[in-house]
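Here's a quick walk through one model, written for someone who likes to know what the cut-offs are. Have the viewer open while you read.

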Amino acid sequence: MKDVHKKERRKHSRISSLNLLSYFCIDENDEIVAQGAGRTLNVSEGGILLETHTPIDPQHTVSLVIAMENELIDIKGKVIHNKTGNDGRFLTGIQFIETDESARNILKKFITEFRNE
C-alpha cells in the first residue's frame, strides 16, 4: 500500500524531457576516468535523471554537456542514486553541484518554456 502522505523531498519540481548529452566521470584527482553519452529523462533546476548504457560510479563527479534545444549547457553534478531499468539501461539521479549563471539561466528558460507549452 502506498503512503499517500509521503512528503516530496525534491527542492525543484521536475519536467519530463529527453535531451541528448555527453558526460565525463572525474575521480578525486580531477582525472577523467570514463566518458559516454546518454539522455535526460527528466530535468529540474537542481538535477536530472540520466539514462546511459553503462553504469556511472557514484564516487565520481560527473561533468555534463546537455543539449537543450539550440543551447549547450556545461554542468557538474554528483550521483544521488542509481539503478538498472527494466530494459537493462542505467538510470542515474544527478544533483547539480557547480552551475554558472549562464547555464542556470538557460536551464530556467528551458523549464519555463516547457511548462508554458
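## A serine to start with

Is S63 buried or exposed? At 18% relative accessibility, S63 counts as buried, given that buried means under 20% relative accessible area, exposed over 50% and partly exposed in between, using a 1.4 Å probe on protein chains only. S63 lies in strand β5, residues 61–68. Helices (H or I, at least four residues) and strands (E, at least two) are DSSP runs, numbered from the N terminus.

Who surrounds S63? Setting aside neighbours within four places in sequence, S63 is in contact with S22, Y23, F24, I26, I75 and K76, where contact means heavy atoms within 4.5 Å.

## Ground rules and confidence

This is a predicted model, in which local features need pLDDT of at least 70 and side-chain atom pairs count only at pLDDT 80 or more, while totals for chains, interfaces and linings use all residues. Residues are numbered from 1 along each chain as its sequence is written, and side-chain values use heavy atoms, with hydrogens and water left out.

pLDDT is the predictor's confidence in each residue, from 0 to 100. The protein chain averages 83, and 83% of the residues score at least 70. Where pLDDT is low, the predicted coordinates should not be read in detail.

## How the strands pair up

Two strands pair if DSSP finds at least two bridges between them.

On to β4 (residues 47–52): six bridges join it to β7 (residues 90–98), and the two run antiparallel. Here L49 stands opposite G93.

## Turns and loops

β6 and β7 form a hairpin with five residues between them, and G88 in the turn has a positive phi of about 90 degrees. G88 is partly exposed, with a relative accessible area of 39%. T54 is 34 residues away from G88 in sequence, yet their C-alpha atoms are 9.3 Å apart in space.

D30 has a positive phi too, about 60 degrees, although it is not a glycine. D30 is found in the loop between β2 (20–26) and β3 (32–43). With a relative accessible area of 66%, D30 is exposed.

## The nonpolar core

A nonpolar core is a set of buried Ala, Val, Leu, Ile, Met, Phe, Trp, Tyr and Cys residues joined through side-chain atoms within 4.5 Å. The largest one here has 21 residues, and I48, L64 and L107 have the most contacts inside it. β2, β4, β5, β6, β7 and α1 (101–116) each supply at least two residues of this core, with the largest share, five residues, coming from α1. In soluble globular proteins, nonpolar side chains tend to be buried together.

What does L107 touch? Not counting residues up to four places away in sequence, L107 touches V43, S44, E45, M68, I73, I75 and F96.
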